[in-house]
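Hi there,

Here is the structure I promised to pass on. Have a look at it first, and then read my notes below.

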Amino acid sequence: MARAVVLLLLAVAALSCTSAAASGPSCHADDSAALLAVKAAFNNASFEYWTPEFPCCDWYGVDCGDDYLPSDDRVINLAITRDDNITGTIPGDAIAGLTRLRYITFFKVPGITGPIPAALANISGLRVLTISHTAVSGPIPSFIGDKFTDLGILDLSFNSLTGAIPASLAKPPKLNSIDLSRNRLTGSIPRLLLSKAGQQAFLTMSHNNLTGRIPAEFGAVNFVQIDLSRNQLTGDASMLFGSGKKELVSAYLSRNALSFNMSQLQLPEELNFLDVSHNSIYGSIPAQMANMTDMQLLNVSYNRLCGVVPTGGNMPSFDAYCFQHNKCLCGAPLSHCTH
C-alpha cells in the first residue's frame with residue numbers, strides 16, 4: 001500500500017511539472033533561429049545550453065513576454081554578461097532578428113570588440129541598451145537617438161568609444177539615464193541632452209576628453225545625479241544648483257577647468273555628495289553649507305576659494321584635505337583665520 005502511495009505522488013509531481021512547463025512561454029521559431037545565429041557568431045562559446053532541445057525562452061540570458069503578455073513567446077530581453085570566453089564583434093544582423101527585443105545587455109564581456117553595429121537600428125522598440133565593460137570602439141552611432149524612440153536607459157560606459165556625442169541623443173522622449181563614462185569621447189556636450197527627461201535625470205560622462213562649456217540648458221533639467229568629472233570642461237556650472245533643484249543628490253564636477261563664483265550658490269537640501277575639486281572656482285563656500293546635515297561627501301580642494309569654512313549647525317565634519325590648496329580658505333579644519 002505504501003509503495004502505491006509513493007508511486008501516485010511521483011506521478012502527480014510529474015504531471016505538475018509537465019503542466020508548469022507547458023503553461024510557460026515556448027519560443028517563437030524566428031527568435032530561436034536568431035539566437036542560434038548569435039551563438040554561431042560567437043563560435044558557440046559559453047552557449048552550450050542554447051540548444052533546440054529546450055525552448056529559447058528558457059535559455060540563460062533570455063527572457064520572453066512583456067508587461068501585457070507575460071506568456072508571449074517572443075524574446076524581449078537578451079543579456080550576455082560576465083564572460084571572458086566570448087570574443088568577436090556584436091552580431092548586429094543576428095540580434096536584429098529579435099524583432100520584439102526591448103532590452104539588450106553586454107556587460108563585462110571584455111572580448112567584445114569593434115563598433116556598435118548599424119543593424120541594431122532595426123530594433124525600433126528598444127527601451128534599455130547596455131554595452132558596458134567591453135572593448136567596443138568607434139563612435140556612438142546617431143541612430144541610437146534617431147531610431148530608439150522608446151529608449152529610457154543608455155549605458156555605454158567603460159568601453160573605447162571615440163568621437164563626439166551625437167546631438168541625436170537628445171531626441172528620445174523617454175530617455176532619462178545616460179552613462180558614457182570611461183571612454184575617449186571628445187567635443188562638447190549636446191545642449192539639449194536629457195531636456196525631455198521629466199522629473200528625474202541621471203547623467204554620467206566622467207573620464208573622457210570632453211571640452212567646452214556645460215550647456216546653459218542643463219539649468220532646466222531635473223538632475224538626481226550628474227557626474228562630469230575628469231574632462232576638460234570650462235566656464236560656469238552654477239546652473240546645476242539652485243533652490244528649484246529639489247531632486248539633486250549628487251554632483252561630481254572635479255578635475256575640469258570650471259570657473260564660477262561659489263559664494264551665491266543655493267545648494268539643494270537633498271544634496272548629499274558634492275565634489276568640485278581641482279577646478280578654478282572662486283568666491284567663498286556658502287554659509288548654508290553649515291546646515292547641510294545630510295552631506296556625506298564634500299570636496300572643494302584645489303580651487304581659488306577664500307573666506308571661512310562654514311561651521312556650526314549639524315553639518316558633518318570633513319578632513320582638512322577636502323578644503324586644502326585654495327587661495328585663502330581658513331578656519332577649522334584648516335588653520336586659524338588671521339584676517
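**Surface and overall form**

The protein exposes about 16,100 Å², and carbon and sulfur atoms supply 53% of that area. Please keep in mind that this is a predicted model.

On charge, there are 22 positive and 26 negative side chains in the protein. The centres of these two sets lie 7 Å apart.

The secondary structure comes to 4 helices and 22 strands. The radius of gyration is 26 Å, well over the 20 Å that the globule rule gives for 339 residues, so the protein is more spread out than a compact globule. Taken along the principal axes, the box filled by the C-alpha atoms is roughly 95 × 55 × 35 Å.

How much of the protein is buried? Buried residues make up 48% of the 339 residues. As for contacts between residues at least 6 apart in sequence, 51% of them join residues at least 24 apart.

Strand 6 covers residues 128–132. It is largely enclosed by the rest of the structure, because 5 of its 5 residues are buried. For the burial call, the cut-off is under 20% relative accessible area.

Which way do the side chains point? In a regular strand they alternate between the two faces of the sheet. In strand 6, Val128, Thr130 and Ser132 point one way, while Leu129 and Ile131 point the other way. Both groups are buried.

Strand 6 pairs with strand 4 (residues 103–107) in the parallel sense, over 5 bridges. Within that pairing, Thr105 stands opposite Thr130. Strand 6 is also joined to strand 8 (residues 153–155) by 3 bridges, and these two strands run parallel as well. Here Val128 stands opposite Ile153.

Strand 21 spans residues 304–308 and pairs with strand 22 in the parallel sense over 3 bridges.

Best wishes

Terms used
Residues numbered from 1 in each chain as written. Predicted model: local features only at pLDDT ≥ 70, side-chain atom pairs only at ≥ 80, totals over all residues. Heavy atoms only, no water. Pairing = 2+ DSSP bridges. Rg over C-alpha atoms; globule rule 2.2 N^0.38 Å. Buried < 20%, exposed > 50% of the residue type's maximum accessible area, 1.4 Å probe, protein only. Contact = heavy atoms within 4.5 Å. Areas by Shrake-Rupley, 256 points an atom, 1.4 Å probe, with all protein chains shown as cover. Lys, Arg positive; Asp, Glu negative; His and termini not counted. Charge placed at Lys NZ, Arg CZ, Asp CG, Glu CD.
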